[in-house]
Amino acid sequence: MKKVILLSMLAVVAMTGICSCSSKAGAANADDVGQADSVPVVYYIKDINPENILKIYHALGRKADGTNVAVKISTGESGKSNHLSPALIAPFVNEVKGTIVECNTAYGGNRSTTADHLKAAEVHGYTAIANVDIMDADGDTALVVDGGLRLDKNLVGRHLADYDFLVVLSHFKGHAMGGFGGALKNVAIGIASADGKAYVHSAGKVSDPAVLWDNIAEQTAFLESMADACKSVFDMYGDKKLFINVANRLSVDCDCNGNPDAPEMGDIGILASLDPVALDRACVDMVVNSEDPGKAALIERINSRQGTHILDAAEKLGIGSQKYTLVTLE
C-alpha cells in the first residue's frame, strides 16, 4: 500500500541554518498537485532490510535493464566505517545482475591502489555477493561538462563506458568536506578516478593527487565542482539511471573515514527517486525535521560545510529539483 504525503517543508529554526528560504526547496505542498508531472517523487520506507530495498526499487517503476548494470556504492575505508552491509544489499544487487563499481581514492589509505581497493572490498564482504570493478584500474577518461559552473571536464574511471545502466546505491551520512554524502557525492567523487577526485576537490586546478592537498578549492567552488561532475555522468546515462539512499548509521563522517565518529542519531530509513537532487534534499529534510535530539551533530556538520549548496548548484545545472512529493511505502 502506498500513502502519498504532500508536505510543505517545515520551517527550521534559525540556529540550524540548514534549509533554504527559497520556496523551491522542500516537499511539494497541496498547491503543487496540479504540477505533479513536473514534481519528482521520492519514495520512503522506514524499516531497513533487504526486502525493502527491493520494494522501493520496484516502486520506482524503472527497471535496471542494461546489458551491464553498474551499482555504485562506497566500499568503505576500514572495518570501522559505516558502509552498507553486503547482506543488506545482496538481494537487490543480484536481482539487477549488477557489478559493484568503485574508483580509487586520492589519499593514502586502504583503497588508493587497485590491489588494495579490491582487498578492502573482499574484506568488507562485497566480492562474495557480486563482481567488483575498480573502474580506474586502467586509467581514466574525460567526460565533457556541458555548461558547468566550475569545470569543463570530469575525469572518470575508464571502465564506466562498459556499463549501460547506472544504479547509485548510497549510504546517506555526514561528510568531512562536503557536509553530507548522498547520491550526488557518491557520483561526483565516487565515479571520478583518483586523478578526477583531485580535479574536483581543486575545482579544476590540478589532477595529481600528490599535490591535491596544497590546492584544495574554496568551499563554494568545491561544491559547485561536485555538481558539475554529476552533470557529466548524468548526461551520459540519460534515463538509464536510478538512485537509492540508505539513511542508517548516520555518523557525521563519511565511509571514506577509517575511524569515523559514532552516530548520534537513529536510523531514518530507505529513500529512492529517479531525481538525485530531490532524493538528497529529502534526506536532508528528514534529518532536520527529525525529533531525534542526536541530529544536532549532523546538522552542524552540514551547516559548517555549507553542504546544501551542492543542491542549489545541481538544481541550477538542471540535474534535478529540490521540490518533491514524498510517497511512503508500507
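# Close-up views of a predicted model

**View 1. S81 is buried, with a relative accessible area of 7%.** Buried means under 20% relative accessible area, exposed over 50%, and partly exposed in between, for a 1.4 Å probe and protein chains only. The model is predicted: local features need pLDDT of at least 70 and side-chain atom pairs count only at pLDDT 80 or more, while totals for chains, interfaces and linings use all residues. Residues are numbered from 1 along each chain as its sequence is written, and side-chain values use heavy atoms, with hydrogens and water left out. S81 sits in the loop between β4 and α2; helices (H or I, at least four residues) and strands (E, at least two) are DSSP runs numbered from the N terminus. Two backbone oxygens lie by the S81 side chain: that of D255 is 3.2 Å from one of its polar atoms, and that of N257 is reached at 3.0 Å. Such a polar contact is a pair of N or O atoms within 3.5 Å; within protein, one must be able to donate a hydrogen and the other to accept it, and residues adjacent in sequence count only if both atoms are side-chain atoms. With residues up to four places away in sequence left out, S81 touches G76, D255, N257, G258 and P260, where contact means heavy atoms within 4.5 Å. The C-alpha atoms of S81 and N259 are 6.5 Å apart, although the two residues are separated by 178 places in sequence.

**View 2. S74 occupies the loop between β4 (69-72) and α2 (86-95).** Its relative accessible area is 18%, so S74 is buried. Beyond its neighbours within four places in sequence, S74 is in contact with H83, E102, R111, Y126, N186 and D255. D255 is also listed among the residues that S81 touches.

**View 3. Helix α7 covers residues 276-289.** From first C-alpha to last, the 14 residues of α7 reach 20 Å, close to the 20 Å expected at 1.5 Å a residue; the expected span is 1.5 Å times one less than the number of residues. Helix α7 is largely enclosed by the rest of the structure, because 13 of its 14 residues are buried.

**View 4. Helix α1 (residues 50-59) has a cap at its N-terminal end.** The cap is N49, which places a side-chain oxygen 3.2 Å from the backbone nitrogen of E51. Buried residues in α1 are N52, I53, L54, I56, Y57 and A59. An α-helix has 3.6 residues a turn, so residues three or four places apart point the same way. Just after α1, G61 has a positive phi of about 75 degrees.

**View 5. S232 lies in helix α6 (residues 219-237).** S232 is buried, with a relative accessible area of 3%. A polar atom of the S232 side chain is 2.8 Å from the backbone oxygen of A229. Not counting residues up to four places away in sequence, S232 touches L143, V144, V145 and N154.

**View 6. The structure holds one cavity of 30 Å³ or more.** A cavity is a set of points, on a 1 Å grid over the protein atoms alone, where a 1.4 Å probe fits but cannot get out; lining residues have an atom within 4 Å of a point. The largest cavity has a volume of about 30 Å³, the volume being the space filled by probe spheres set on the points, which are joined across faces, edges and corners. Its lining consists of G178, F180, G182, L184, K185, M226, D280, G307 and I310. By class, the lining of the largest cavity has four nonpolar, three polar and two charged residues. Ala, Val, Leu, Ile, Met, Phe, Trp, Tyr, Cys and Pro count as nonpolar, Asp, Glu, Lys and Arg as charged, and the others, Gly among them, as polar.

**View 7. R249 has a phi near 45 degrees, a positive value in a residue other than glycine.** R249 is placed in the loop between β12 (241-247) and β13 (269-273). Its relative accessible area of 42% makes R249 partly exposed.

**View 8. Q306, a residue other than glycine, has a positive phi near 55 degrees.** The loop that holds Q306 runs between α8 (295-304) and α9 (309-316). Q306 is partly exposed, with a relative accessible area of 39%.

**Overview. The chain has nine helices and 14 strands.** Of its 330 residues, 58% are buried. Among contacts between residues at least 6 apart in sequence, 76% join residues at least 24 apart.

Definitions and conventions
1 Å grid on protein atoms, 1.4 Å probe; cavity = no way out; pocket = protein on both sides within 12 Å on 5 of 7 lines; lining within 4 Å.
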